[in-house]
Amino acid sequence: MSTNTGLRVVVTGATGNVGTSVVRALSADSRIASVLGLARRVPGLDISRTAWASVDLAQEDATSVLVRHLDGADALIHLAWRFQPTHSPVTTWQTNVLGSLRLFEAVAEARVPVLVHASSVGAYSPGPKTGAGVDESWPTHGWPDAAYCREKAYLERVLDAYELRHPEVRVARIRPGFMFKESSASEQRRIFAGRFLPGPLLNPALLPFVPDLDGLRFQALHTDDTAQAYLLAVLLDARGAFNLAADPVIDAPALGELLRARVVRVPRRAVHAALSAAWSLRAVPASPHLFDALLRMPVMNTARAREELDWQPRHTSTAALEEFLRGVRRGAGEQTAPLAGHRAH
């Protein structure tokens, strides 16, 4: 239970890109008394007021383990997510969907009053790429061909029903754009490009051009800025969904400027065919289905988070991408299994 000195917060997926930033944001705030970080593998990180424990949401007996870890907690932040193997959607479903169902029930059983869930722009149905952006009422049916979007959208429906069954739990859903920081570079390179893409290849001098595709327009933000929104969602009476993104919206010209590369118009069908072939041969882990989803994800309006959470990103989207690209070239990472890097000597 909460004490006179602050709140006890449990974080799942605490060792990944978002998790490490969230744990640090929580531990740095005097209103948080303690943090328990849950992950499949306990990391070698020493963060003040933070303890670690191992749990695998995919295990059928995970609910009882989770209830023990949640005993006395004031809030749960659910970040755990498995991106791979993209060739086995049943495997990701076991962790991402069935594991989340176990966790949500454990929250109710342990009587945790606050659940903050990591949703995503990927939960949204296809929408406009220009204009003011869609607000949180835009349909969340995802792009059904992509496992990531399908799973994020399914959990939105689960939480709709969960809130009706458990009105005693305050539920907030964070829907960020693409999140980047330097220490996540090695993990994200492995997730999307594979282990065998050398980081130095992203040196601007070696890139011939940036492809300009129909629909290549997306939102990004620094992971540390996302973490601040999770902290605010715990501390304030935040309910419902909150879109998160920084300015500007990223498109091919913005990428060309970042990478100091020419922008060349390329047919979307040609890129899809090349990615499909590489994915089928297991040369890259990112599926063509997620590529299709990216080109259809709407631009989001972030007014609600800025007004109700008083959330303001400290970094621009381009600054976050610049930091990420620097990290890829350097092989940056952290002392956790997901973020393990390979720094150049």
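Buried here means under 20% relative accessible area, exposed means over 50%, and partly exposed is anything in between, using a 1.4 Å probe and protein chains only. This is a predicted model, where local features need pLDDT of at least 70, side-chain atom pairs count only at pLDDT 80 or more, and totals for chains, interfaces and linings use all residues. Residues are numbered from 1 along each chain as its sequence is written, and side-chain values use heavy atoms, with hydrogens and water left out. Helices (H or I, at least four residues) and strands (E, at least two) are DSSP runs, numbered from the N terminus.

**The sheet**

- Seven strands make an open sheet with parallel pairing, in the order β3-β2-β1-β4-β5-β6-β11; two strands count as paired if DSSP finds at least two bridges between them.
- β3 (50–54) and β11 sit at the edges with a single partner strand each, so one side of each has no neighbour in the sheet.
- From one strand to the next, the twist averages 20°.
- Strand β1 (residues 7–12) pairs with β4 in the parallel sense over four bridges, and Val 10 has Leu 76 in β4 as its bridge partner.
- Helix α2 (residues 62–70) lies across β1, β2 (32–39), β3 and β4, running at about 150° to β1. Axes are lines fitted to C-alpha atoms (for helices, over the stretch in contact), and angles run from 0 to 180 degrees between N-to-C directions.

**α7 against α11**

- Two packed helices are described by the angle between their axes and the distance between the axes.
- Helix α7 (residues 252–259) packs on helix α11 (residues 317–330) at an angle of about 45°, and their axes are 11 Å apart.
- That makes α7 oblique to α11; angles under 35 degrees count as roughly parallel, over 145 as roughly antiparallel, 65 to 115 as roughly perpendicular, and the rest as oblique.
- On the α7 side, Leu 255, Leu 258 and Leu 259 meet Thr 318, Leu 321, Glu 322 and Leu 325 of α11, where contact means heavy atoms within 4.5 Å.
- The residues of this α7 contact with α11 split into five nonpolar, one polar and one charged. Ala, Val, Leu, Ile, Met, Phe, Trp, Tyr, Cys and Pro count as nonpolar, Asp, Glu, Lys and Arg as charged, and the others, Gly among them, as polar.

**A mostly covered helix**

- Helix α5 (residues 185–192) has seven of its eight residues buried.
- The buried residues of α5 are Ala 185, Ser 186, Glu 187, Gln 188, Arg 189, Arg 190 and Ile 191.
- The buried residues of α5 pack against α1 (17–27), β7 (178–180) and α11.

- Most residues other than glycine have a negative phi, and most peptide bonds are trans.
- A cis peptide bond links Gln 84 to Pro 85, with omega about 5°; Pro 85 is in the loop between β4 (75–78) and α3 (89–109).
- Asp 247 to Pro 248 is also a cis peptide bond, with omega near -5°, and Pro 248 is in the loop between β11 (240–244) and β12 (250–251).
- Arg 260 has a positive phi, near 50°, in the loop between α7 and β13 (262–265). Arg 260 is exposed, with a relative accessible area of 66%.
- Asp 310 has a positive phi too, near 55°, and lies in the loop between α10 (303–308) and α11. Asp 310 counts as exposed, at 61% relative accessibility.
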